[in-house]
Amino acid sequence: MSDIIELLPDHVANQIAAGEVIQRPASVVKELLENAIDAQADHIQLLIRDAGRSLVHVIDNGLGMSSTDLRLAFERHATSKIKKAEDLFSLQTKGFRGEALASIAAVAQVEVHSKRAADDLGSCLKIEGSEVKLQENSATATGTSLAVKNLFFNIPARRNFLKSDAVEMRHILDEFHRVALAHPDIKFQLYQNDSELLNLPVLSLKKRVLGIFGGKYETALVPIHEQTSVALVEGFVLKPDQARKSRGQQFFFVNQRFIKSSFLHHAVSSAFEGMLSPGYHPGYFIFLHLDPKTLDINIHPTKTEIKFEDEQSIYSILRATVRHALGMFQVGPTLDFDRDPNLDTSYQQAQTSEISQPEVSVDRQFNPFADHKPPSKAEKQAWESMYQELQQQAPKEDTTPPVIFDEPTASVSTLSCFQWQQKYMITQLGGQLYVIHQGRAHQRVLYEQFLKQLNRSEPASQTLLFPVQMPLNVQDKILLESLQADLEGMGFQFSWEADQLSILAAPHLCTAENIIPVVREILERSQSEAAEESFSMSDHIAKILATSLAVPSGKRLEIPEQEQLIQDLFACTEPRFSPKNQQIFLTFESEEIEKKLL
Ligand code: ADP
Ligand code: MG
């Protein structure tokens, strides 16, 4: 019998190997951006078409390649970045395996133009499925322009494995954000289908974070900085009130390389101990700089894990640095309305204290109070009797209907209450004096209403007489598409024409005036939430709607409006906390006051 073992032809070997490095358009984005950075570019443009399916194109103004190097770059294990195995221990570049370009060229149609500063003429190379189609001189700018077209054109099975455009684009944005955050000294531009999504000039790290995630973090970033013999730690943590239930904004960079590390995450989380409600995660943008010799860099190209030589020291340094910064900026419990009683209990205590199943009358999956200690039975009884008290005080005749509420939930009482500083409602209930934050109270009432609405087959919404039009950029459009089902559950109805969004129907309380700001707010605040995290999306949107539609501080409330609001608040399942976990009211016992007035 004849021998049966054969060497695989190069293009087949390349295709197989490509599977490891290139899984989706976002992998191409990562490799090309890293190559541009390794080539010392200080301006990098990324152009995407069809969520990267038809085009991923990176243009840099870096070192460029000679025509021989350009051809060699596409060979497997062809790299200019290491020469011998020892070089691995002092690596300063992102790449070193010499695999990316060979892999990309095996599964796509690639066109590169490249020129070094010293050369008059550059060169152009076209490769399809590892096969060189053309190499010629090219009059091109200094640097490299590399276009990857029709990814997986020769592997339909892989092409079919790709997810929706929204999901693939989300992955691309994630990679882009990571690289752009790690290199604030490089100007980045991102285009999708010819429109510019992001333009990030060279400014400070803080400006880079704000440029990517929006000005909403302007006042939320707490700088951290610590230089020790083991490592330099710098960056920002987000104030505890920005904590989220999803792990949205968590970025670690080690020597400007994005990494994931549950171990470092634990160090940061433990620095926040006692400042976050259970189930909430802190946000951070943390940069560690260490001697490359103390790291295991022999990482898999698509993996983001890393090993440190001195894990324990890094853990303690990180924890202490974050804790110190939070203390310096006096982020933590303060003795005012912002004080969350949960902060008084340490995390451990909170864990061990008895927790009973909260009662939710609406939908067990939507438990808006999961973050808090559920109300005790006694508390619940007290609220119920208070609610009855409110009901009994209800007048027999009609009162002017309050204007801030659509559907009064109960008849309006004649409570003795008044508004103070156009911000608080002062009233007396169950023998106690109540100081109620009007804005937070209304947020809570609306939040519970929106959650209830989700369970109705026909959400309470109003069709707008004239649809409200708003222009949307591509990034917003992708985002809105991924939120559409949830938004419809809340009473929105949309239609699209090109870049123009028409809002046909909206939840109650939305008016022609506030509807655009409300939709903008939803987009702005959902921007960084991954499309896949949709399980908490409706809760997230209910919170945004509630906070943007609630009466603000500074608004005068008529007596009937105050009464209605107080009544609605105590009809809530959790009247104590706003959807953002802020305390809604303070109470004063008469003895307390008497003691002070002795
Ligand atoms: P690696 O980055 O691991 O070396 P790649 O396959 O990504 O492997 O790239 C191969 C080589 O091609 C690089 O080592 C580099 O010399 C060259 N190269 C790739 N992209 C660029 C670029 N944008 N500018 C200049 N040289 C590049
Ligand atoms: Mg590379």
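**Notes on the ligand site, the core and a few loops**

1. Starting with the shell around ligand 1: by class, the shell has seven nonpolar, seven polar and four charged residues. Keep in mind while reading that this is a predicted model. In total, 18 residues surround ligand 1, and the closest are Asn35, Thr79, Ser80, Lys81 and Gly98.

2. Which side chains make polar contacts with the ligand? Asn35 is one of them: an N or O atom in the Asn35 side chain is 2.8 Å from an oxygen atom of ligand 1. Asp60 has a polar side-chain atom 2.9 Å from a nitrogen atom of ligand 1. For Thr144, a polar side-chain atom sits 3.3 Å from a nitrogen atom of ligand 1. As for cover, ligand 1 on its own has 530 Å² of accessible area, and the protein covers 92% of that.

3. Now the interior. In soluble globular proteins, nonpolar side chains tend to be buried together. Here the largest nonpolar core has 68 residues, and Phe74, Val148 and Phe285 have the most contacts inside it. Helix 6, residues 165–182, gives the most to this core, with nine residues. Where does the core lie relative to the two domains? Both domain 1 (10–202) and domain 2 (206–328) give residues to it, so the core lies between them.

4. Asn150 is not a glycine, yet its phi is positive, near 50 degrees. You will find Asn150 in the loop between strand 6 (143–149) and helix 5 (156–161). Is Asn150 buried or partly exposed? Asn150 counts as partly exposed because its relative accessibility is 34%.

5. Asn193 is the other one: its phi is positive too, about 45 degrees, although Asn193 is not a glycine. The loop that holds Asn193 runs between strand 7 (187–192) and strand 8 (195–200). With a relative accessible area of 36%, Asn193 is partly exposed.

6. On to helix 7, which spans residues 205–213. Its buried residues include Leu205, Arg208, Val209, Leu210, Ile212 and Phe213. After helix 7 comes Gly214, with a positive phi near 95 degrees.

7. The loop between helix 3 (67–72) and helix 4 (100–106) holds Lys94. Is Lys94 buried or exposed? Its relative accessibility is 11%, and the cut-off for buried is under 20%, so Lys94 counts as buried.

8. At 22% relative accessibility, Ala78 counts as partly exposed, since buried would need a value under 20%. The C-alpha atoms of Ala78 and Arg97 are separated by 7.7 Å, and the two residues are 19 apart along the chain.

9. Last, a spot further along the chain. Asp476 is part of helix 13, residues 474–489. How accessible is Asp476, buried or exposed? Asp476 is buried, because its relative accessible area is 8%. Asp476 and Leu523 are 47 residues apart in the chain, with 6.5 Å between their C-alpha atoms.

Definitions and conventions: Residues are numbered from 1 along each chain as its sequence is written. Chains are lettered from A and ligands numbered from 1 in the order in which they are written. This is a predicted model: local features need pLDDT of at least 70, side-chain atom pairs count only at pLDDT 80 or more; totals for chains, interfaces and linings use all residues. Side-chain values use heavy atoms; hydrogens and water are left out. A residue is near a molecule or strand if one of its heavy atoms lies within 4 Å of it. A polar contact is a pair of N or O atoms within 3.5 Å; within protein, one must be able to donate a hydrogen and the other to accept it, and residues adjacent in sequence count only if both atoms are side-chain atoms. Accessible areas come from the Shrake-Rupley method with a 1.4 Å probe; for residues, only the protein chains shown count as cover. Ala, Val, Leu, Ile, Met, Phe, Trp, Tyr, Cys and Pro count as nonpolar, Asp, Glu, Lys and Arg as charged, and the others, Gly among them, as polar. A nonpolar core is a set of buried Ala, Val, Leu, Ile, Met, Phe, Trp, Tyr and Cys residues joined through side-chain atoms within 4.5 Å. Buried means under 20% relative accessible area, exposed over 50%, partly exposed in between (1.4 Å probe, protein chains only). Helices (H or I, at least four residues) and strands (E, at least two) are DSSP runs, numbered from the N terminus. Domain bounds come from an automatic or database domain assignment.
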